[in-house]
Amino acid sequence: MSWFSLTALTSLQWYWPWALLLLPLPLLVRRLLPAIKPEQSALRVSQLDDWTGQTATDSRTRTGWWKMLTISLIWCLLIIALARPYQLGEAVSLPTSGRDLLLAVDISGSMQRPDMVIDGHQVDRLTAVKNVVNRFIDQRQGDRLGLILFGSNAYIQTPLTFDRETVRKYLLEAQIGLAGDQTAIGDAIGLGIKRLLSHPANSRVMVLLTDGANTAGEIEPLKAAELAAENQVRIYTIALGADSMIVPGLFGNRRVNPSQDLDEPTLTTIAQKTGGSFFRARNIDELNQIYGLIDQLEPTEKDPEIFRPQHSLYDQPLGLALALSLLLALARIVDFTWLHNAIRRSGSRGKQQL
């Protein structure tokens, strides 16, 4: 930030403006305190005295005014620095603290069943989830989002963060079977509880999506739900999978139920125990509606906090005062050296005359 503009000068603010009252202090001291009488030399040498007196008078006449001006300027700069000037920067929107929301997504082998349709094309379940959750992430501005991927094991892919782009990236990079072919629902819930415990109790939310039943892991889903309820973690469960689909067979096409392994009662109980809700998604439209409903049930903070950074400027007058002080000290050294050499030359001339 610079001082050298009308806008900058008019926008200055001060931490300690009362310090500016010290500016006239040297004038008050000069007026109120008696002047110090100059001491008279005990021994006077007429020739040298006359010469040095004349030289000192000429020097004071020549340089006294700018030294006094420099000293006054240094004093003003020090007082300005003491008053701690600063300017306010442009307003910056800070991320608001909304929900701590963990997305737990099933990537077991069954998620590769192509019973979802997007724009008239059949796709696997995980592709449909990526399509919907990607838009859901966009709507969660102000929330800390995290991502858990689970199959035979559960992994924290992204810890809770305001960086939605990182969550999106790891979701889109998820591959079916990466965590194993089975489904560890209880372990996914347990891992989510562990990650949410260090965050405020009133904002702990988990959205768990799966297309099957618990077939792996060390924690039973209902026991994990009890732990979640004790720790005020609210869980929304989504059961994904179509009720029927046509598959080719040896004797022609036949209709099957691709979601026959889906454990809806357990997912319903998990949601009830934790104060969440259970949802059934049979196609991508229902999945979109579910995430839209969750977005309404767990609203984000819509009014972001505004922050205006403060740019301290005291270092500029302080640095200038230091530079002027060094310049003044250098000028004084040069003055004394010149005067000393002049006196020595005068003394040499006096000896020669004698």
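Predicted model: local features only at pLDDT ≥ 70, side-chain atom pairs only at ≥ 80, totals over all residues.
Confidence is considered before the architecture. The mean pLDDT of the protein is 81. Of the residues, 76% score at least 70.

An open sheet of 6 strands is present, with the order 8-7-4-9-10-13. The pairing in this sheet is mixed. Its edges are taken by strand 8 (154-161) and strand 13 (278-281). Each of these has a single partner strand, so one side of each lacks a neighbour in the sheet. Direction ignored, neighbouring strands are turned against each other by 15 degrees on average. Within the sheet, strand 4 (residues 100-106) pairs with strand 7 (residues 144-150). The two strands run in the parallel sense and share 7 bridges. In this pair, Asp100 lies opposite Arg144 of strand 7.

Helix 4 packs on this sheet. The strands touched by helix 4 are strand 4, strand 7, strand 9 (204-210) and strand 10 (234-240). The direction of helix 4 makes about 170 degrees with that of strand 4.

Helix 4 (residues 125-138) also packs with helix 9 (residues 284-297). Their axes are 10 Å apart, and the packing angle is about 30 degrees. Angles under 35 degrees count as roughly parallel, and helix 4 and helix 9 are therefore roughly parallel to each other. Their crossing is right-handed. From helix 4, the contact involves Ala128, Val129, Asn131, Val132, Val133, Arg135 and Phe136. Helix 9 contributes Ile284, Leu287, Asn288, Tyr291, Ile294 and Asp295. By class, this contact has 9 nonpolar, 2 polar and 2 charged residues.

Helix 7 takes part in two further helix pairs, described in turn. With helix 6 (residues 185-196), helix 7 (residues 221-230) crosses at roughly 15 degrees. The axes of these two helices come within 8 Å. Helix 6 and helix 7 are therefore roughly parallel to each other. The crossing of helix 6 and helix 7 is left-handed. On the helix 6 side, the contact is made by Ile185, Gly186, Ile189, Gly190 and Ile193. On the helix 7 side, Pro221, Ala224, Leu227 and Ala228 take part. The class count for helix 6 with helix 7 is 7 nonpolar and 2 polar residues, with no charged residues.

The second pair joins helix 7 to helix 8 (residues 264-274). Here the axes come within 8 Å and cross at roughly 15 degrees. Helix 7 is therefore roughly parallel to helix 8. The crossing of helix 7 and helix 8 is right-handed. Helix 7 provides Pro221, Leu222, Ala225, Glu226, Ala228 and Ala229 to this contact. Helix 8 provides Thr266, Thr269, Ile270, Lys273 and Thr274. By class, the contact of helix 7 with helix 8 has 6 nonpolar, 3 polar and 2 charged residues. Pro221 and Ala228 of helix 7 are listed in the contact with helix 6 and in the contact with helix 8.

The loop between helix 7 and strand 10 contains Gln232. Gln232 lies 29 residues from Ser203 in sequence. In space, the C-alpha atoms of Gln232 and Ser203 are 8.8 Å apart. With neighbours within four places in sequence left aside, Gln232 is in contact with Ala201 and Arg204.

Another open sheet has 3 strands in the order 1-2-15, with antiparallel pairing. Strand 1 (13-14) and strand 15 (310-312) are the edge strands, and each pairs on one side only. Strand 1 and strand 2 are joined in the antiparallel sense over 2 bridges. Across this pairing, Trp14 has Pro85 of strand 2 as its bridge partner. Strand 2 (residues 85-88) is linked to strand 15 by 3 bridges, and these strands also run antiparallel. Here Leu88 stands opposite Gln310 of strand 15.

Definitions and conventions
Residues numbered from 1 in each chain as written. Heavy atoms only, no water. Axes fitted to C-alpha atoms, helices over the stretch in contact; angles between N-to-C directions. Helix = DSSP H or I, 4+ residues; strand = E, 2+ residues; numbered from the N terminus. Parallel < 35°, antiparallel > 145°, perpendicular 65-115°, else oblique. Left-handed = near helix turned anticlockwise from the far one by under 90°. Contact = heavy atoms within 4.5 Å. Nonpolar A, V, L, I, M, F, W, Y, C, P; charged D, E, K, R; others polar. pLDDT = per-residue confidence, 0-100. Pairing = 2+ DSSP bridges.
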